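Hi everyone, thanks for coming. I'd like to walk you through a structure today, so please have a look at the screen.

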Amino acid sequence: MKSKKNFLKRCSKNYSMMIGVIVLFIILIVVLSVPIFSHTDPNKINYESMLQSPSVTHIMGTDSFGRDLFTRVATGGRISIAIGLEVMLGTTVLGVLIALLAGYNDKFDMIVMRLMDVMMSFPSLLLAIALTAVFSNSIEGVSIALTIAYVPRTVRILRSSILTLREETYVEAAQAIGVKPITILFKHILPGTLPVLIVQETFLFAYAILAEAGISFVGVGVQPPDASWGNILSDATTLLHEAPWTVMFPGLAIMLTVLALNLIGDGLREVLDPKRLKGNAND
Amino acid sequence: MFRYILKRILIMIPTFLMVAIVIFCIVNIIPGDPAAIAKGNDSVGDINLIRERMGLNRSFLERLGDWFIHMLQGDLGDSYFLGRSVLDTIKARIPVTLSLATSSLIVAVIVGIPLGILAALKPNSILDTSIMGISLIGVSTPEFFLGLILMFVFALNFKWFPSSGYTPITEDFVKWARHMVLPAMAFGLGQSAYIARLMRSSMLEIMNQDYIVTARAKGQSEIMIVLKHALKNAFLPILTAIGMIYALLLGGAFITESLFRIPGAGALIISSIRKFDFPVVQGALLFVAAAILIVNLVIDILYTFVDPRVRFETKK
């Protein structure tokens with residue numbers, strides 16, 4: 001309890017992290033509420049209001065089909081952020097399982113780490129593109145592809161953290177009194193990896209949003225009519241000269257979200273720094 | 001030293017072969033029938049005949065074995081649709097991607113390193129905070145968004161540079177450079193932000209070392225300390241980062257290529273995936289993966305030159 005309070009206190013004192021939290025919170029509110037409360041259909045084509053610049057009725061203007069850009073960016077944000085979240089959760093679950101099993105069994109460790117090395121020697125974005133082609137370029141397909149492409153990073157970081165923790169005296173003590181290895185892994189080692197895991201996954205959330213935008217931008221990710229930030233921006237490239245706002249708003253949405261996540265990640269890294277936590281590791 | 005390099009090369013071979021197998025497996029489980037697409041262009045053709053011609057009627061393992069053996073002999077097969085060998089198709093594209101990735105890396109290094117050093121000289125000053133603030137924005141901006149902004153400002157409004165296209169460096173250097181400025185900036189600036197952040201933290205760590213304090217106590221000027229003592233050691237972690245960034249640039253070039261309509265290997269992979277031209281996808285992916293493995297190898301070897309500790313460690 002005490003450590004939780006300490007953690008929150010340290011977080012609230014980290015101003016750049018707080019800015020990140022507030023920005024992300026605002027983006028989430030907009031992205032979640034606009035599609036519910038807005039009466040404008042994000043896919044409704046209206047040729048009478050084509051390419052209107054930002055105004056009171058269309059605060060982000062309209063695109064070449066006369067669709068309201070604000071509702072489209074908000075709806076697209078749902079998909080982009082959902083993919084980011086799914087990838088974050090997917091890599092966490094898979095990463096923890098693989099890394100713990102690798103920490104438990106040396107043979108499994110050798111095989112898995114070789115495979116991870118092979119996957120890491122391959123550019124993750126290209127891997128994600130090839131996998132998106134395998135799993136279909138639906139929202140789920142993109143999430144699965146990105147999860148597989150990014151899981152080696154989580155496994156590697158967790159594994160090295162587990163290897164260090166395995167040498168700690170409290171783990172040796174647990175082994176000495178005959179606690180089952182699986183219990184040691186889940187009860188004694190896993191909690192120790194949490195600071196590393198939390199920071200890594202915050203950054204991975206940001207990477208995943210960037211990656212989804214990138215592969216949807218080149219047209220192999222999320223497909224229309226589903227709007228994601230990447231494909232809204234991709235649609236807008238040809239309008240750069242006549243309607244620059246169609247590029248600015250989705251681009252800014254990606255940038256701000258990723259910036260907020262990076263601020264939070266940097267802040268969490270400072271707050272959860274093991275050197276600072278060492279003093280109260282047991283409370 | 002020689003033994004270390006040899007060992008490093010020998011480790012690379014099985015990794016490359018495994019990467020090749022993984023590539024073949026992934027590409028060949030992509031659902032989609034290239035024969036059906038080929039038949040679309042050939043109204044009288046029999047789909048089974050086309051499949052046979054493409055070698056698609058054989059089992060997965062047979063095809064894998066066949067491709068693998070041919071690959072080892074330097075033959076990557078023929079494109080399904082381009083009427084040329086995969087090798088010829090890729091040969092034209094690889095230099096383009098290399099020139100984009102290299103120019104972007106140059107931008108990243110010449111912008112990132114000085115900024116990182118400047119920020120580290122006066123930690124927590126206004127200069128440091130603003131450099132770090134800007135670089136955080138840089139890290140968070142997708143290259144295609146930055147590319148679009150640069151295109152809007154410098155190509156469409158000022159008309160200083162062409163907004164898209166590519167001229168080979170061998171054909172006309174000036175034209176090549178003019179085509180390369182915006183893509184290299186779009187792609188490189190984000191990475192320079194990353195280098196700046198890393199350079200700063202590496203410099204800060206070095207600047208607190210005892211030998212720097214001693215140099216200061218001896219009355220050496222701050223500039224001399226940075227140039228003579230700090231820089232060389234602070235540069236070590238950056239070298240690894242540069243290698244990683246180059247690999248990232250090679251593997252991520254397809255987005256910038258697609259935005260600026262540069263006919264590189266990345267753009268080839270995207271268009272071939274859409275057409276299910278599997279031999280080309282496999283070949284191009286293999287080339288990119290090989291380029292990345294070579295970059296990592298070169299960085300590791302360079303490391304033994306700059307950091308003698310690596311040499312001693314391998315002797316143990």
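Predicted model: local features only at pLDDT ≥ 70, side-chain atom pairs only at ≥ 80, totals over all residues.

Helix α7 of chain A covers residues 169-176 and is hardly covered by the rest: among its 8 residues, the count of buried ones is 0.

Now let's step back to chain A as a whole. Of the 283 residues in chain A, 46% are buried. And if you take the contacts in chain A with a separation of 6 or more, 70% of them join residues 24 or more positions apart.

Why does I81(A) count as buried? Because it has 23 C-beta neighbours inside 10 Å, and the cut-off is 20 or more. Leaving out residues up to four places away in sequence, I81(A) touches V31(A), I209(A) and T257(A). Take T257(A) from that list: I81(A) and T257(A) are 176 residues apart in sequence, yet 8.8 Å apart in space, C-alpha to C-alpha.

The next stop is V142(A), which sits in helix α6 of chain A, residues 139-166. V142(A) counts as buried because it has 32 C-beta neighbours inside 10 Å. Beyond its neighbours within four places in sequence, V142(A) is in contact with I83(A), T132(A), N137(A), E212(A), I215(A), G221(A) and V222(A). As a contrast, E48(A) is 94 residues from V142(A) in sequence and 35 Å from it in space, C-alpha to C-alpha.

Let's move over to chain B and one of its helices. Helix α5 of chain B, residues 86-121, has 36 residues and reaches 51 Å from its first C-alpha to its last, close to the 52 Å expected at 1.5 Å a residue. Where does α5(B) kink? At A92(B), by about 25°, shortly before the proline P95(B).

So how do the chains meet? On the chain B side, 37 residues are in contact with 30 residues of chain A. The elements giving two or more residues to that side of chain B are α1, α6, α7, α10, α11 and α12. The largest share, 9 residues, comes from α10(B). By residue type, this side of chain B divides into 31 nonpolar, 6 polar and no charged.

Finally, the core. The largest nonpolar core has 158 residues, and those touching the most other members are A128(A), A208(A), I269(B), A284(B), L285(B) and V288(B). Helix α8 of chain A, residues 181-217, gives the largest share of this core, 16 residues.

Definitions and conventions:
Residues numbered from 1 in each chain as written. Chains lettered and ligands numbered in written order. Contact = placed C-beta atoms within 7 Å. Helix = DSSP H or I, 4+ residues; strand = E, 2+ residues; numbered from the N terminus. Nonpolar A, V, L, I, M, F, W, Y, C, P; charged D, E, K, R; others polar. Core = buried A, V, L, I, M, F, W, Y, C linked by C-beta atoms within 7 Å. Buried ≥ 20, exposed ≤ 12 C-beta atoms within 10 Å, placed from the backbone. Expected span 1.5 Å × (residues − 1). Bend = angle between axes of the 7 residues up to and from the residue.
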